[in-house]
Amino acid sequence: MTSAPAPASGAAQAAPVAGAPHLLGPSFDSVTPVRQPAPAPAPAVRIDRVSKRFGAGPVVLDDVSLDIAPGEFVCLLGASGCGKSTLLNLIAGLDRPTAGRIDTPAEGSAVMFQESALMPWLTARRNVELALRLRGVPRGERREKALTLLEAVNLTDAAEKRPHELSGGMRQRVALARALAQDRPVLLMDEPFAALDAITRDLLHEELERVWRSTGRTIVFVTHNVREAARLGQRVVLMGSRPGRIVQEWTIAKTTGRRIESPEVAALSVEITDQLRKEIRRNAA
Ligand SMILES: Nc1ncnc2c1ncn2[C@@H]1O[C@H](COP(=O)(O)OP(=O)(O)OP(=O)(O)O)[C@@H](O)[C@H]1O
Ligand SMILES: [Mg+2]
């Protein structure tokens, strides 16, 4: 953590001891110790009462608190302009909150945006190698590591192609391989698949899920696509607008075997959409 880890919000508080004096005096030693449940692990990301405004503009984020567990896959969902990217940028350390604090692992986060932002003159492999170089991986190891990462996103055959020779979906896969090359414990994704057609997006959901399960990364995935959030997240956090804040969240008990067309994804999407509509109506009022 960038700062001393605070106790997790769900951590057990000391239970009151029956009959114990209010102020523990000399009889302290005689108080029967209370068996405490194991404390919850420290969150990978802790967002603590964060607010944000840009200059003298309106409050964009208002008192947002959220703990994200190590290895958790959280989808941040909300209408356009509610502050999702602002929050993601704050987690990434690209900007500072106006109030509150954000704790993240000291190793930092990798960020993936809607646009792949690849170096156009470099092949897919060299784009990934560049991230490895920036991470300090020795020259002799970079090629093999880059190829392994490209294999992880099913892109072995395109390793020597330049971005303009790749489809949008392939470019986003290279961007994902590059983000993984940074080897950070937290992966922040801002609508990375929004510009893709539905079939390509489906495939990338499967690949992302596979990568997530095999690497144990903590993922914060921003989207305004309800189905995508219900398909991918272990937890879906709905944000409301003006000012941006957390309205509701859903925890998904069984995340294996989900597909975008699964009945449980559809049912959850209906429920989330209802809430989202209420939020949008509330804002329009
Ligand atoms: N650098 C900035 N300066 C001033 N205002 C900003 C800045 N960045 C974002 N905002 C404002 O903050 C609000 C939230 O923007 P943000 O980009 O976080 O929304 P979003 O939820 O990501 O929307 P979308 O789904 O359209 O990407 C908007 O009103 C936007 O105009
Ligand atoms: Mg955004």
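# Helices, strands and their packing

Me: Which residues are buried in helix 2 (residues 124–134)?
Reply: In this predicted model, the buried residues of helix 2 are Ala124, Arg125, Asn127, Val128, Glu129, Ala131 and Leu132. Buried is 20 or more other C-beta atoms within 10 Å of a residue's own, exposed is 12 or fewer, and partly exposed is in between, with C-beta atoms placed from the backbone. Helices (H or I, at least four residues) and strands (E, at least two) are DSSP runs numbered from the N terminus.

Me: How far apart are the end C-alpha atoms of helix 7 (residues 263–284)?
Reply: They are 31 Å apart, which agrees with the 32 Å that its 22 residues should span at 1.5 Å a residue; the expected span is 1.5 Å times one less than the number of residues.

Me: Which of its residues are buried?
Reply: In helix 7 these are Val265, Leu268, Ser269, Ile272, Leu276 and Glu279. Down the helix axis they fall within an arc of 105°, so they line one face; the arc is taken over directions from the axis to the C-beta atoms.

Me: What covers them?
Reply: Strand 3 (73–78), helix 6 (226–232), strand 8 and strand 9 are among the elements covering the buried residues of helix 7.

Me: Strands 8 and 9, parallel or antiparallel?
Reply: Strand 8 (residues 235–240) and strand 9 (residues 245–251) are antiparallel, over six bridges; pairing needs at least two DSSP bridges. Leucine 238 has glutamine 248 of strand 9 as its bridge partner. The two strands form a hairpin with four residues between them, and arginine 242 in the turn has a positive phi of about 45°.

Me: In what order do the three strands of the open sheet run?
Reply: The order is 2-1-4, with antiparallel pairing. Strand 2 (59–68) and strand 4 (99–103) are at the edges with a single partner strand each, so one side of each lacks a neighbour in the sheet.

Definitions and conventions: Residues numbered from 1 in each chain as written. Chains lettered and ligands numbered in written order. Predicted model: local features only at pLDDT ≥ 70, side-chain atom pairs only at ≥ 80, totals over all residues. Contact = placed C-beta atoms within 7 Å.
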